[in-house]
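Let's take a walk through this protein together. Have the sequence beside you and turn the model as you read.

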Amino acid sequence: MTLRNEPSGLPLHEPSTWLVFALSGVFVLLGLLFIFAPRAGAALFGIAAPEGPGLSYVSAIGLRDLAFGAYLAALSRLSTRRIVGTVLGLTILIPAGDVILVFLERGFESPKHLLLHAGSGIVMAAGAFWLLNRTSHRNPGGLS
């Protein structure tokens, strides 16, 4: 929670803020790709594009990514480093789940897709670590 006289949101002049904006932009673009070109999205994700109604699963991944990207961008303008860093840290669950989905679908047949999802998890973990390390530990009157 910020004090009333402190501006809300991450400072625009800091590189960590731009990392959060870049990540949210990537999520939004991926979401749009998965929604409007689900076969291309499935290929990028590392799974075979199902036919018929099963293709809606790929669009659901797109909606997840689009919503999260928009949420992360809004959160970065409204919250503290600690909150954004915590959310980004919890977001590691998304690429971890994606690694599991690709592995269950293809095994080790496509290591580049497994590494792509694992790498995105590492970037999110590094971003969360960066934000949380830059967090002020000053806590006037709040819970510790």
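**A walk from the last helix outward**

Start with helix H6, residues 111-133: its 23 residues reach 32 Å from the first C-alpha to the last, close to the 33 Å expected at 1.5 Å a residue. That expected span is 1.5 Å times one less than the number of residues. Helices here are DSSP runs (H or I, at least four residues) and strands are runs of E (at least two), numbered from the N terminus. Please keep in mind that this is a predicted model, in which local features need pLDDT of at least 70 and side-chain atom pairs count only at pLDDT 80 or more, while totals for chains, interfaces and linings use all residues. Residues are numbered from 1 along each chain as its sequence is written, and side-chain values use heavy atoms, with hydrogens and water left out.

Which residues of H6 are buried? They are His113, Leu114, His117, Gly121, Met124, Gly127, Ala128 and Leu131. Buried means under 20% relative accessible area, exposed means over 50%, and partly exposed lies in between (1.4 Å probe, protein chains only). The buried residues of H6 pack against helices H1 (15-36), H2 (38-45), H4 (81-90) and H5 (93-106).

Now step back to the whole protein. It has 6 helices and 0 strands, and 35% of its 144 residues count as buried. Among contacts (heavy atoms within 4.5 Å) between residues at least 6 apart in sequence, 70% join residues at least 24 apart.

Next, look inside. A nonpolar core is a set of buried Ala, Val, Leu, Ile, Met, Phe, Trp, Tyr and Cys residues joined through side-chain atoms within 4.5 Å. The largest one has 14 residues, of which Leu10, Val20, Phe68, Leu72, Val84, Leu88 and Leu131 touch the most other members. H1, helix H3 (56-78), H4 and H6 each give two or more residues to this core. Apart from it lies another core of 9 residues, including Phe34, Ala42, Phe45 and Ile61. Leaving aside residues up to four places away in sequence, Phe68 touches Phe27, Val87, Thr91 and Ile94.

Not counting residues up to four places away in sequence, Tyr57 touches Ile47 and Leu101.

What about charged pairs? Side chains of opposite charge can pair when their charged atoms come close. With a salt bridge taken as a side-chain nitrogen of Lys or Arg within 4 Å of a carboxyl oxygen of Asp or Glu, a search of the whole structure finds 5. One of them joins Glu14 and Arg81, at 2.5 Å from N to O. Glu14 lies in the segment before H1 and Arg81 in helix H4, so this pair ties together parts that are 67 residues apart in sequence. Glu14 counts as buried because its relative accessibility is 9%.

Asp65 and Arg64 meet in a salt bridge too, at 2.9 Å from N to O, and Arg64, Asp65 and Asp98 are linked in a network of salt bridges. Asp65 is buried at 4% relative accessibility, whereas Arg64 is partly exposed at 28%.

The accessible surface of the protein comes to about 8500 Å², 72% of which belongs to carbon and sulfur atoms; areas come from the Shrake-Rupley method with a 1.4 Å probe. Ile100, in helix H5, is exposed at 51% relative accessibility.
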